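Please report on the two chains below and on the contacts that join them.

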Amino acid sequence: MIIDGGVPASRLRTVTALVCLAIGVDLALHGAGTFTVAVAGLLSVACVLVPASPAPLLLIGLAAAVLTSSGTGAFGLGVLVLIPLVHLLHLCCAITAVLPKGARIAPAAFRSPLRRFAVTQLSVTMIVLIAMIVPAGRTPPILEVAALLSIAGMALAVIVLDRSRPPSRDESHPAEMA
Amino acid sequence: MSERVLGWSRARRAAGSRGWRGTDALVRGTVGGLGLVACGVVLHRVELVFLGAPLLVSTVLALTVPVGAVPVPTVARLPRTVEAGDDGLQTIAFPADPAVEFLAVRLPLPDGEGIGPVHLVPGSAGSVRVRLRWNAWGEGVDLRPDHLVAGRDALLISGPVTGRESRRTVLPPVVPLPPGPLPPRVAGLVGAHRSARPGDGTELRAVRPFQPGDRVRRVDWRVTLRAGAATGDVLGPGTLHVRERHAEADAELMLAIDSRVDVVPELARWSDSEDNAVRAGGTLDASVRAVTALAAGYLRQGDRVGLIDLGRPQLGIAPAAGHRQLLRIRHQLVACSRAAGWAPKPVLRARQMPSGAVVLVLSPFLDDAIADCVALAARRGELVIAVDMLPPRLVADPESPWGEVVRQVLVGEHRARLAALKARGVAVVPCGAVAATLRRVRRRR
């Protein structure tokens with residue numbers, strides 16, 4: 001691969017800013033007060049300037065809390081729009097956090113993360129669609145709780161199983177660059 | 001289950017010992033995803049589960065491939081000495097690992113300066129190549145591959161690691177210059193130049209009557225017979241004539257560079273510091289290029305060329321001939337420029353100048369010390385030519401009310417200094433007129 005300049009990493013921060021703006025608009029359109037929007041704005045600024053900070057997590061938590069308390073409903077437009085935005089914010093902040101100022105990005109570097117983003121969104125959409133067609137009042141609550149817990153448990157199990165696999169590569173500590 | 005948890009913790013420890021560590025994104029994906037899902041379950045709000053699911057699912061997907069040993073980039077070696085204007089393809093290879101998604105490595109841009117910005121490239125690339133261009137001569141660091149390796153979604157990272165610096169010497173460019181004939185060195189026995197004294201060369205000097213000690217084979221029989229016919233006494237006294245030839249001698253050129261000052265046309269930038277680098281378009285840059293061109297031209301015609309650093313006498317090179325001498329001079333010019341700007345006064349001693357050599361002093365002549373130094377060398381009987389390297393048009397500092405006054409004072413002093421040198425018999429020429437001046441000086445000799 002020949003380095004030919006690529007695109008400036010500041011564009012990734014621009015994407016982060018646009019995602020934060022979209023989250024703010026979503027909150028404002030779904031009953032968030034002025035104070036809440038202002039806090040979201042401050043957190044958005046922190047997300048753009050300091051992506052390796054708790055600001056993205058706080059913004060995601062704030063957005064989730066606002067939409068839950070607004071009574072939009074689980075399948076409201078506000079929630080459905082927020083699902084990919086939250087994921088995109090997480091991804092953009094994760095990549096931006098490892099890059100110093102003035103860095104440049106080869107567009108090919110985004111191929112795998114975007115493919116995984118699409119797979120994730122597809123699976124979440126499937127979950128939402130399944131939840132939409134499942135009758136709301138006929139499933140016993142205890143069963144719902146058990147189902148949701150099993151999802152979380154499965155996720156943890158995948159992590160545990162995967163991480164406990166012995167490493168296949170040489171475990172020698174990296175020496176100094178040749 | 002407990003064994004698996006133990007195994008997971010062991011794998012985490014192993015990953016940590018290999019240099020991997022979690023980022024804020026890992027915390028966000030795990031805590032945020034699990035927290036939202038748990039809150040949704042506890043509060044019985046499905047929308048929280050929907051919002052937490054992408055974070056959790058993407059984190060799980062990212063961690064499904066275990067990280068191995070941290071890939072260590074390997075930098076292919078390039079030559080330590082290169083020519084100005086050259087370019088080369090630098091390859092940085094690193095072992096491909098499915099768990100490594102990003103490699104952030106600091107590499108220079110093709111037309112940029114310095115060690116360049118950090119480039120984020122896919123970890124599956126295997127090797128990264130970058131074209132290095134060496135436009136400016138001098139010595140410096142052109143590559144320092146600082147790197148950071150990140151796993152999927154940048155949840156795990158290793159580094160950043162400061163790369164090893166690649167220092168390179170970029171030799172000054174050789175600009176072709178028409179060389180002028182140098183005066184022959186009196187002490188020389190052989191060489192490429194016609195000497196004024198008689199000798200065993202090929203060029204005819206004179207036809208004169210035979211003297212004791214002349215070789216018989218030098219007798220010009222045609223002139224001798226004519227002289228005999230005129231006097232009526234063939235081979236009588238005074239009729240024998242010989243052909244006398246010029247001796248051939250080598251010539252020596254000493255190029256003296258004033259590395260104490262490096263100024264540009266803009267007076268406002270004279271006090272700027274540029275990390276001890278030679279200013280592009282400055283007097284030192286122009287002097288080095290001129291010295292390289294002169295040395296190349298005169299060495300090509302067989303002359304002996306040496307180098308004198310007026311700021312650091314120990315960096316001088318004794319005169320010699322040949323292509324290796326040109327390489328030596330170019331390397332030494334880089335060394336001179338590296339140590340430039342530290343000497344308070346110029347040094348031009350008699351032992352630095354071989355007897356009979358032509359000394360070219362390239363300087364902007366901004367202080368009296370250099371003028372005195374050159375005048376003293378000329379008074380010793382050497383042929384010294386002062387080459388004025390000061391830019392012909394100085395630009396006053398526009399932000400200072402005294403800018404124009406300062407410029408006029410500098411120009412006036414400089415002019416008076418050059419006039420004083422001329423009055424002491426030193427030829428003062430601009431950089432481009434060296435060959436013509438040497439030609440003129442030779443005719444005078």
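## Spans, chains and contacts

In chain A, residues 41–67 are 81% helix and 0% strand, and the end C-alpha atoms of this span lie 16 Å apart. Helices (H or I, at least four residues) and strands (E, at least two) are DSSP runs, numbered from the N terminus. Residues 73–97 of chain A are 80% helix and 0% strand, with end C-alpha atoms 33 Å apart. Both spans come from a record: the unreviewed UniProt entry annotates "transmembrane region" at residues 12–29, 41–67, 73–97, 117–136 and 142–161 of chain A. UniProt positions are given in the numbering used here, feature names are shortened, and annotations may be inferred rather than shown by experiment.

This is a predicted model: local features need pLDDT of at least 70, side-chain atom pairs count only at pLDDT 80 or more, and totals for chains, interfaces and linings use all residues. Residues are numbered from 1 along each chain as its sequence is written, chains are lettered from A and ligands numbered from 1 in the order in which they are written, and side-chain values use heavy atoms, leaving out hydrogens and water.

**The two chains**

Chain A holds 6 helices and 2 strands. Read from the N terminus, its elements follow the order β-α-α-α-α-β-α-α. Chain B has 9 helices and 19 strands.

Of the 178 residues in chain A, 38% are buried. Buried means under 20% relative accessible area, exposed over 50%, and partly exposed in between (1.4 Å probe, protein chains only). For the 445 residues in chain B, the buried share is 50%.

Chain A exposes about 9,300 Å², with 73% supplied by carbon and sulfur atoms. Chain B exposes about 20,900 Å², and carbon and sulfur atoms supply 55% of that. Accessible areas come from the Shrake-Rupley method with a 1.4 Å probe; for residues, only the protein chains shown count as cover.

Contact means heavy atoms within 4.5 Å. Take the contacts between residues at least 6 apart in sequence. In chain A, 76% of these join residues at least 24 apart. In chain B, the share is 71%.

An open sheet of 7 strands draws on both chains, in the order β1(A)-β2(A)-β6(B)-β5(B)-β9(B)-β10(B)-β1(B), with mixed pairing. Its edges are β1 (7–8) of chain A and β1 (21–22) of chain B; each has a single partner strand, so one side of each is left without a neighbour in the sheet. Two strands pair if DSSP finds at least two bridges between them. Strand β2 (residues 104–105) of chain A runs parallel to strand β6 (residues 118–122) of chain B, and 2 bridges join them. Ile105(A) has Leu120(B) as its bridge partner in β6(B).

**Salt bridges**

Side chains of opposite charge can pair when their charged atoms come close. A salt bridge here is a side-chain nitrogen of Lys or Arg within 4 Å of a carboxyl oxygen of Asp or Glu. The whole structure has 19 salt bridges over all chains. The table gives some of them.

| Pair | N to O distance |
|---|---|
| Arg116(A), Asp153(B) | 2.9 Å |
| Asp367(B), Arg260(B) | 2.8 Å |
| Arg417(B), Asp368(B) | 2.8 Å |

The salt bridge of Arg116(A) with Asp153(B) has an N to O distance of 2.9 Å. Arg116(A) lies in helix α5 (residues 111–133) of chain A and Asp153(B) in the loop between β9 (147–151) and β10 (156–161) of chain B, so the pair joins two chains. Arg116(A) is buried at 11% relative accessibility, and Asp153(B) is buried at 4%. Arg116(A), Glu101(B) and Asp153(B) are linked in a network of salt bridges.

Asp367(B) pairs with Arg260(B) at 2.8 Å. Asp367(B) sits in the loop between β17 (358–363) and α7 (368–379), and Arg260(B) in the loop between β14 (252–257) and α5 (283–300), so the pair ties together parts of chain B that are 107 residues apart in sequence. Asp367(B) is partly exposed at 23%; Arg260(B) is buried at 10%.

**An aromatic pair**

Rings of Phe, Tyr and Trp (its six-membered ring) pair if their centres lie within 6.5 Å; planes under 30 degrees apart count as stacked, over 60 as edge-to-face and the rest as tilted. The count is 1 aromatic pair over all chains. Phe75(A) and Phe50(B) form this tilted pair, 5.7 Å centre to centre with 50 degrees between the planes. The pair crosses between chains, from the loop between α3 (55–70) and α4 (77–96) of chain A to helix α3 (residues 46–63) of chain B. Phe75(A) is partly exposed at 35% relative accessibility, whereas Phe50(B) is buried at 1%.
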